[in-house]
Amino acid sequence: INRTFAAAGRLLHRHTGPIFPLLEDMFGVSVVEVHQEISAVLLDAELARRLETDAGSVGLQLQRTYTTSDGEIAQVTVNTHPASRYRHAMTMRRVRDTR
């Protein structure tokens, strides 16, 4: 969490769900963009232990950057999942340009 929003940290122990709505409520900002990158990674021994899988196995790491309407980065999250327990699905629809 950006230090501008550090006061939200005191509520995280009892907060469930995404953090960005909490930042919006507390600070009157609006998160308008989330940039996500998905990368393949090899799981080191410690992370593999915590994920209950084998060290050296493949994982998928998601990094999300949450940006406010004034261009400030509010939050960056990094989540890692064993490849065997992660699925990404997307539906795309074509929209015709009416110009």
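Two exercises with worked solutions follow, on a predicted model.

Residues are numbered from 1 along each chain as its sequence is written. Local features of this predicted model need pLDDT of at least 70, side-chain atom pairs count only at pLDDT 80 or more, and totals for chains, interfaces and linings use all residues, while side-chain values use heavy atoms, with hydrogens and water left out.

**Exercise 1.** State which secondary structure elements the protein has, and how spread out the protein is.

Solution.
- The protein has 2 helices and 3 strands, where helices (H or I, at least four residues) and strands (E, at least two) are DSSP runs numbered from the N terminus.
- Along the sequence they follow the pattern α-β-α-β-β.
- The radius of gyration (taken over C-alpha atoms) is 17 Å, well over the 13 Å from the globule rule for 99 residues, so the protein is more spread out than a compact globule. That rule is 2.2 Å times the number of residues to the power 0.38.
- Along the principal axes, the C-alpha atoms fill a box of roughly 45 × 45 × 20 Å.

**Exercise 2.** Describe how the strands are arranged in the sheet.

Solution.
- The 3 strands form an open sheet in the order β1-β2-β3, with antiparallel pairing; two strands pair if DSSP finds at least two bridges between them.
- The edge strands, each pairing on one side only, are β1 (31–42) and β3 (73–82).
- Strand β2 (residues 58–68) is joined to β3 by 9 bridges.
- Gln61 has Thr80 in β3 as its bridge partner.
- Strand β3 also contains Val78.
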